[in-house]
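Below is a short briefing on one protein model. Look over the sequence and the structure before reading the points that follow.

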Amino acid sequence: MTRKGWLLFGAMSLLWGVPYLFIRVAVDEVDPMVVTFARVGIATLVLVPVAVHQRALAKLRGRWRAVALLALVQVVGPFTLIGIAEQHVSSSLASLLIAADPLLIAVFAIWLDHSERVTGGRMVGLLVGIAGVAVLLGFDVGGDSSILFGSALMVLAAAGYAAGALMLKRPTYASLPSLGVVTAECAIAMIVTAPFAAFRMPSHIPSAQALASLTALGILCTAVAWLTFFALIAEVGASRGAVFTYVNPAVAVVLGVVLLHEPLTGWTVAGFLLIVAGSWLSTGGTPPWAWRRRPYPVVDAGSAVAKP
């Protein structure tokens with residue numbers, strides 16, 4: 001890859017690795033629904049001018065109902081579930097369970113998408129990844145009912161991302177510009193969550209740490225992250241660009257351990273390695289050393305990647 005490609009890759013690994021830390025800090029003081037509303041609201045303020053300038057929203061005409069459904073499945077549901085879950089689980093565990101998103105895509109595809117069905121080596125990868133989730137839930141989490149509840153919510157959030165990825169392959173969405181879709185999703189999510197957030201606002205002004213986390217979630221981890229992701233796809237192609245999704249869980253774990261003093265066990269590491277390896281194999285990935293220096297087309301497939 002080019003130097004610009006590596007810089008964008010590093011930026012994406014950080015921008016979608018750090019949200020779990022900010023969410024964990026924010027939900028200690030702010031209701032998860034308010035966190036979702038603030039995040040998408042701030043992101044909307046940043047993204048709308050860019051989308052209007054590029055005329056990306058005009059191309060959604062006649063598709064608003066479809067985009068609204070996508071916003072519920074891929075933004076409102078997962079963002080809120082992650083917030084609730086992180087009241088019960090560590091940011092490290094949350095990031096590792098979200099990393100199972102490609103595995104769920106493979107599972108859903110068995111019934112919903114023939115082109116994504118796994119066979120041979122990809123099926124082995126699916127089984128390896130499922131084993132990794134089992135290691136996390138069976139050995140690392142153990143029998144703690146609160147953590148199991150939070151873990152279940154994280155799996156549901158990952159399922160929302162997986163369902164959204166498969167939805168985006170439908171003809172209804174395939175021709176739509178990614179920037180327009182993402183901007184509309186954030187705006188619709190803001191409108192949907194506003195009434196619920198209004199009744200869950202904190203009784204006092206949150207700490208500077210919580211407010212900074214909410215701001216960072218909206219600006220850096222959502223708006224800037226999406227714009228950076230589109231630049232990454234344009235620079236290196238969709239296949240290479242999606243590789244960062246296997247790195248950001250490691251970033252989240254390191255941040256959780258170092259800054260929040262979350263525990264790191266051998267089972268956590270084992271589960272992480274199994275999930276990443278299984279996700280990589282189940283999606284037909286090739287190792288970085290097998291990449292060739294050749295031009296890649298710009299692919300409008302951004303939203304198929306899990307967003308924390």
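Leu 72 is partly exposed, with a relative accessible area of 44%; partly exposed lies between buried (under 20% relative accessible area) and exposed (over 50%), with a 1.4 Å probe and protein chains only. This is a predicted model, where local features need pLDDT of at least 70, side-chain atom pairs count only at pLDDT 80 or more, and totals for chains, interfaces and linings use all residues. Residues are numbered from 1 along each chain as its sequence is written, and side-chain values use heavy atoms, with hydrogens and water left out.

- Leu 72 is found in helix α4; helices are DSSP runs of H or I with at least four residues, strands are runs of E with at least two, and both are numbered from the N terminus.
- Beyond its neighbours within four places in sequence, Leu 72 is in contact (heavy atoms within 4.5 Å) with Gly 77, Pro 78 and Val 192.
- Leu 72 and Gly 160 are 88 residues apart along the chain, and their C-alpha atoms are separated by 8.9 Å.
- Thr 36 belongs to helix α3 and is buried, with a relative accessible area of 1%.
- Not counting residues up to four places away in sequence, Thr 36 touches Phe 79, Thr 80 and Thr 193.
- Between the C-alpha atoms of Thr 36 and Val 75 there are 8.8 Å, with 39 residues separating the two along the chain.

**Overall make-up**

- The protein has 14 helices and zero strands.
- Of its 308 residues, 51% count as buried.
- In the protein, 90% of the contacts with a separation of 6 or more are between residues 24 or more positions apart.
- The accessible surface of the protein is about 13800 Å², and 70% of it belongs to carbon and sulfur atoms; such areas come from the Shrake-Rupley method with a 1.4 Å probe, and for residues only the protein chains shown count as cover.

**Helices α5 and α13**

- Helix α5 (residues 91–98) packs with helix α13 (residues 248–259) at an angle of about 170°, and their axes are 8 Å apart.
- Axes are lines fitted to C-alpha atoms, for helices over the stretch in contact, and angles run from 0 to 180 degrees between N-to-C directions.
- The two helices α5 and α13 are therefore roughly antiparallel to each other, a term for angles over 145 degrees.
- On the α5 side, Ser 91, Ser 92, Ser 95 and Leu 96 meet Pro 249, Ala 252, Val 253, Gly 256 and Val 257 of α13.
- By class, the contact of α5 with α13 has five nonpolar, four polar and no charged residues; Ala, Val, Leu, Ile, Met, Phe, Trp, Tyr, Cys and Pro count as nonpolar, Asp, Glu, Lys and Arg as charged, and the others, Gly among them, as polar.

**Positive phi in loops**

- Arg 55 has a phi near 55°, a positive value in a residue other than glycine.
- Arg 55 sits in the loop between α3 and α4 (64–85) and is exposed, with a relative accessible area of 64%.
- For His 261, a residue other than glycine, phi is also positive, near 60°.
- The loop between α13 and α14 (266–282) holds His 261, which counts as exposed at 66% relative accessibility.

**Confidence**

- The average pLDDT of the protein (the predictor's confidence in each residue, from 0 to 100) is 82, and 83% of the residues score at least 70.
- Among the elements, helix α3 (residues 32–53) has the highest mean pLDDT (96) and helix α12 (residues 238–241) the lowest (57).
- Over residues 287–304 pLDDT stays under 50, and the model has 33 contacts beyond four places in sequence for them.

Technical notes: Parallel < 35°, antiparallel > 145°, perpendicular 65-115°, else oblique.
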